[in-house]
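Subject: Handing over the structure

Dear colleague,

I am passing on the structure we spoke about, and I would be glad if you kept it open while you read. My notes on what was found come after it.

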Amino acid sequence: MEKTEAKREHWSSNLGFILAAAGSAVGLGNIWKFPYITGENGGGAFVLVYLICIAIIGLPVMLCELSLGRHTQRNPVGAFKKITPDSSTLAHLIGALLVLSGIFLLVFQDYGWAVVILLLGFAIFRYSWVVVGAMGVLAGFTILSFYSVVAGWTIGYIWQAFTGQLAFNSVDAAAGHFVQFITTPALAIGCHAVFMLMCMVIVYKGVQSGIERWSKILMPILFLLLLVLIIRGVTLPGAMAGIEFYLSPDFSKINANSILQALGHAFFTLSLGMGAMTTYGSYVDKKQNLFIATLSIAGLDTLIALMAGLAIFPAVFAQGFQPNAGPGLVFQVLPTVFNQIPLGTLWAAIFFVLLLVAALTSGISLLEVVIAYFVDEKGWTRPRATIVFGLVTFLLGCLSAISVTGWEHIEWLHQLILGVFGVSKGSFFDVMDNLSSNWLLPLGGLFIALFVGWIWGPRQAVNEIRQGSANFADVHLFSLLAGLKDDPSHNAPVHVVTLASLWGIFIRFITPVAVLFAFFYTIGWLKL
Ligand code: PHE
């Protein structure tokens, strides 16, 4: 055991780790999703709610994941395995509740869901908290399968931008083109394959010379491209309207739905709830200050999301378009916007390269979760795990790729899902997205907070975090903020208001309650 731990590869530098983790967080979530959900939810006020969610849920859960990973030096499954106690009453309770619900569903002849819930209940009984890690690996795999499809579209769009095929005169024309493109299986699957291959090549190379090296190259590029687009956007005549929409909060536009959407997005955008940060944390050495790391990763992620809005809204408003176009905002409205300004092809190409770069550094983190599991737990070599699971993910993604607009090409799967679960909202792509974003991530985040807060215990967790974090955990919060953290007179024997105690309260109470609330709302058990 000791030997394998000593050999585990670590990030070569603090900066390398921060950039890789920020690379995981910054992705399609920031540049594709954040602007369009902000557009749909009325702008500035939504941005404010989103920032609050990042602060009260994102930051505490990220610290849980990083400390869990660094302490155990393992993938998510191994991490839970290492510190799960032999018997956990809380896990038994959750397992029992699930088995009961499963029996209940059987009685109501909802067989598909009954089997899933019963299996999950028994698994929790048998494997206790390790199931949470396994859910993470499963989520990594499912998210990457459809994430790669969207990333593939950006590859197609880069090519088309350079070859002048994105010169649309109306959003309708752009929309027609987009649908035509994503429903041509050869194109969609081909581009998806190229993206998966890129992820595989990087992950194959390992932590330092693959993930870290490429994050160090790609993240500065991303930042620069974004800056260029912002400067172009805000200097267009009429751009002020967009900036106003974006930065002046109108609280009448905020409702329960937007609050919960902001909460769910906080998980997705920070790569939380499925062990990506646990895995990246397992490559961190004891000299890192995890408080600073958490703040930097979340800070960079938020900064890039805000910048993406600033690159998009001023241009959209300046050219007289509406910001509420939904998921098509960046693939349909933006190319049309760019086409109306001089050098449009160039701006479009820059934008889609930016989107690809962002997706790539996230895609590799999703793949890495799966690879780390097979390398740590099953003793596979990295190349073997990368090739096998890259291919498996690719195949699963093909189903999403050919199903974005409906089920016509995979009717058998449709019938299967319909027969077993009795529901069929949206396409297979939507099923995958829904399964991971609305179920696996929030559940995973909830369980991780509960596990660290109540099973591993803040005391143990804080002992881990203390390493490398100077006096951050224990000095009075006011003294810390006032820059007096190293002044011994501020180290009273008992401090009530410290970062450590604040974090403990959050992960034990505030975060789980908030997530549970959002979760029940998402699945329709709670109506507001
Ligand atoms: N955070 C990434 C994004 O915003 C997506 C992601 C989710 C990556 C979960 C890894 C794990 O696009």
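This is a predicted model: local features need pLDDT of at least 70, side-chain atom pairs count only at pLDDT 80 or more; totals for chains, interfaces and linings use all residues.

Residues are numbered from 1 along each chain as its sequence is written, and side-chain values use heavy atoms, with hydrogens and water left out.

**The ligand**

The ligand is surrounded by 14 residues, of which A25, L28, G29, Y147 and F268 are the closest; a residue is near a molecule if one of its heavy atoms lies within 4 Å of it. Sorted by class, this shell holds six nonpolar residues, eight polar ones and no charged ones. Here Ala, Val, Leu, Ile, Met, Phe, Trp, Tyr, Cys and Pro count as nonpolar, Asp, Glu, Lys and Arg as charged, and the others, Gly among them, as polar.

Which helices supply at least two residues each to the shell? They are α2 (14-25), α3 (28-40), α13 (256-269) and α17 (344-378), where a helix is a DSSP run of H or I with at least four residues, numbered from the N terminus.

The ligand sits in the largest cavity. A cavity is a set of points, on a 1 Å grid over the protein atoms alone, where a 1.4 Å probe fits but cannot get out, and a molecule sits in one if more than half of its atoms lie within 2 Å of its grid points.

**Two residues with positive phi**

S128, although it is not a glycine, has a positive phi of about 55 degrees, and it is found in the loop between α7 (111-127) and α8 (130-162). L343, in the loop between α16 (329-339) and α17, likewise is a residue other than glycine with a positive phi, in this case near 60 degrees.

Are these two residues buried or exposed? S128 counts as buried because its relative accessibility is 11%, whereas L343 is exposed, with a relative accessible area of 60%; buried means under 20% relative accessible area, exposed over 50%, and partly exposed in between (1.4 Å probe, protein chains only).

**Residues within helices**

F331, which lies in helix α16, counts as buried at 0% relative accessibility, and its C-alpha atom is separated by 9.1 Å from that of F352, 21 residues apart along the chain. V131 lies in helix α8 and is buried, with a relative accessible area of 11%; V131 and A91 are 40 residues apart in sequence and 10.0 Å apart in space, C-alpha to C-alpha.

D301 is found in helix α15 (residues 290-318) and, at 0% relative accessibility, counts as buried.

With kind regards

How values were computed: On a 1 Å grid over the protein atoms alone, a cavity is a set of points where a 1.4 Å probe fits but cannot get out, and a pocket is an open set with protein on both sides within 12 Å along at least five of seven lines; lining residues have an atom within 4 Å of a point.
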